[in-house]
Amino acid sequence: MKLSQFKFRLPEEQVALEPPFQAFKNEDGTVDKVYNRDQCRLMVVHRKSGAIDMFRKDADGNDTEEFLTFRNVLDYFDEGDTFVFNDTKVFPARLYGTKEKTDARIEVFLLRELNEELRLWDVLVEPARKIRIGNKLFFDEEGPMVAEVIDNTTSRGRTLRFLYDCPHDEFRRELYGLGSAPLPRYIIEQRAATEDDMEQFQTIYAKNEGAVTAPASGLHFSKQLMKMMEIRGINFAFVTVHCSLGGFDPIEVEDLTKHKMNSEQMVVNEEACQKVNAAKLAGKKVCIVGVSTARATETAVGTDGQLKEYEGWTNKFIFPPYEFGLGDCMVVNFYHPESTMLMTTAAFGGYDLVMNAYELASKNGYRFGCYGDAMLILDD
């Protein structure tokens, strides 16, 4: 398929800058927000029949005027069905420092630690034209956190050596204390990250640190919802994919077969395999939560349709036409035009049906992006 086939008009006001919330005005005029991650809208797409559900049903089975919310995902699953989640944990990857002598403000985006002993980190810098080998960056006027640029890796990429003499745990704690939630650029261009974002831009089941962006489809699951799922007898399997910024990189080729995805580190353990494979053998639903999870499970699935243990990296790019080997339903967000996440969604749900769903979402005020609304694609 071609890149241009995934272009559509996305109204700016429908890009979500915050999770769903209720606002309460205090007597002093200030406003408190209570975030409700499972209260976003839910659109349900049936890929075989082509039906699309947006509204709750009345007692007679007719549509009401009330939109489905994400908690209604429970209505589509039964005992023994299994959800596959990505349990990666986001760390506060975006820092701001000042360049020595010029005091220029520099954004430093931490990607991964290269050497624990030497305090070497792979980072992105902005504006990159101002940062050269040998430059020093200061991150805290009252503290000792300083970094020296020791290598150029890409046009925006640099290797930094942090000059901080202390035990590694203390160094990481101090470094992360200077950082903020690594929200996508389309959000921070509209507002600054807040302390709330470090909690909201994290799944409630996050466990294994290493992601520089959240597995966004998992952000809709609240503790209350997962407890309700557990009571219903729905099973949870966890894989780990450390989400990179690759999903936000613009595709610069019209022919999608020529696009190369960034590699992401992933682990599929024995426990996850046992749960998923047991569900498949029992004829139960296996629901993949998010594009990063789909990339992992499609990397680790065998030709027999069984999930295999795997530890390594994946650069799998899923776009139509593609035959999925594992999951038979999927939870996704509403993504930006021409994004790799939209392409994976279209590969799972069918291009025409998914693009029709996106048109309905746009017309009906659904919210797009990592803090936006959700889509459930079912195999019926």
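Q: Is Tyr358 buried or exposed?
A: Tyr358 is buried, at a relative accessible area of 2%. Buried means under 20% relative accessible area, exposed over 50% and partly exposed in between, with a 1.4 Å probe and protein chains only. This is a predicted model: local features need pLDDT of at least 70, side-chain atom pairs pLDDT 80 or more, while totals for chains, interfaces and linings use all residues. Residues are numbered from 1 along each chain as its sequence is written, and side-chain values use heavy atoms, leaving out hydrogens and water.

Q: Thanks! How many aromatic pairs are there in the whole structure?
A: A search finds 28. Rings of Phe, Tyr and Trp (its six-membered ring) pair if their centres lie within 6.5 Å; planes under 30 degrees apart are stacked, over 60 edge-to-face, and the rest tilted. In one of them, Phe8 and Tyr358 have ring centres 5.5 Å apart and planes at 80 degrees, so that pair is edge-to-face.

Q: And how do Phe8 and Phe368 pair?
A: That pair is tilted, with 6.0 Å centre to centre and 40 degrees between the planes. Both Phe8 and Phe368 are buried.

Q: New topic: how many disulfides does the structure hold?
A: It holds 0 disulfides, a disulfide being a pair of cysteine sulfur atoms within 2.5 Å.
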